[in-house]
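Here are my notes for you, written as numbered points. Have the model open while you read, and click on each residue as it comes up.

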Amino acid sequence: MLDDSHEGSDGKGIWLWTLAAGLLLFVMEFILFAALVPTDWARQVSAQELASLVDTVGPAQADLILDRAVRWYRACCVRTGLEAWSYHVLVPDHRMAGAGLEKLADSPVWPWLAGRVHVVWWSLGQACQRLAVLLFWWPFSLILCAAAGYDALLRRRIRQHSFSYASPLIHFWSVRALLWILIGTLMLLVAPIPLPATGVPVGVAVVAVLLGLVLANSQKRL
């Protein structure tokens with residue numbers, strides 16, 4: 001009983017650490033890329049990723065994915081007024097010049113800052129698109145994960161009848177791999193690199209294999 005309680009507390013601690021580390025890396029990556037990524041590069045990434053999406057799922061499905069992403073972006077950023085507010089606060093307009101601050105309004109730092117604000121909102125829009133792509137593959141993901149869970153259950157039954165033991169080492173490293181995949185997925189949401197649409201099913205297959213290894217080698221009874 002004590003061992004199970006200790007194992008459960010360790011498991012909760014690992015997942016809390018993963019969540020905290022993932023969010024911290026996500027914020028750091030978001031700030032770093034917003035400051036360094038050129039606007040032209042952001043447009044190039046969007047064009048390449050869109051072309052990969054169309055080639056993978058077809059124009060009709062790509063349009064559905066993009067429409068869903070646009071709806072999410074508008075609901076979170078446009079309708080709430082956050083996007084307009086950021087430009088209003090950070091980027092001067094004609095009202096600053098009319099207030100007698102012509103020299104300040106003509107400073108070359110403002111076009112650079114406007115580009116940074118644009119990259120920030122582009123990153124959020126790209127994250128919405130990538131989340132929509134993930135959601136598109138959910139039936140495939142559900143089937144693979146269910147198959148992996150059923151296979152793990154069968155392997156546990158076979159192991160019980162053959163009097164063999166689960167491998168704590170395989171379980172340990174499979175859980176760690178799943179945690180790092182979770183962190184990597186958070187970071188890839190705003191990564192300023194073109195991601196192939198085929199990366200999602202490949203990643204899901206890897207997750208299904210690791211999930212099967214975790215369940216098959218769990219020390220607790222299912």
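**Notes on the model**

1. Start with Gln129: leaving aside residues up to four places away in sequence, its contacts are Glu49, Leu53, Ile65, Leu66 and Ala69. Contact here means heavy atoms within 4.5 Å. Gln129 belongs to helix α7 and counts as buried, because its relative accessibility is 11%. (Buried is under 20% relative accessible area, exposed is over 50%, and partly exposed is in between, using a 1.4 Å probe and protein chains only.)

2. A word on where this comes from: the model is predicted, so local features need pLDDT of at least 70 and side-chain atom pairs count only at pLDDT 80 or more, while totals for chains, interfaces and linings use all residues. Residues are numbered from 1 along each chain as its sequence is written, and side-chain values use heavy atoms, with hydrogens and water left out.

3. Now zoom out. The chain has 10 helices and 0 strands; these are DSSP runs (helices H or I, at least four residues; strands E, at least two), numbered from the N terminus. Of its 222 residues, 29% count as buried. Take the contacts between residues at least 6 apart in sequence: 89% of them join residues at least 24 apart.

4. Back on helix α7 you'll also find Arg116. Arg116 counts as buried too, at 11% relative accessibility.

5. Which residues lie nearest the centre of the largest pocket? They are Leu134, Thr185, Leu188, Gly199 and Val200, out of 26 lining residues. Two or more of the lining residues come from each of α2 (39–57), α7 (109–136), α8 (138–161), α9 (168–188) and α10 (199–216). (On a 1 Å grid over the protein atoms alone, a pocket is an open set of points where a 1.4 Å probe fits, with protein on both sides within 12 Å along at least five of seven lines; lining residues have an atom within 4 Å of a point.)

6. How many disulfides turn up in the whole structure? The search finds 0, where a disulfide is a pair of cysteine sulfur atoms within 2.5 Å. For Cys128, the nearest cysteine sulfur is that of Cys76, 5.8 Å away. Cys128 is buried, with a relative accessible area of 11%, whereas Cys145 is partly exposed at 25%.
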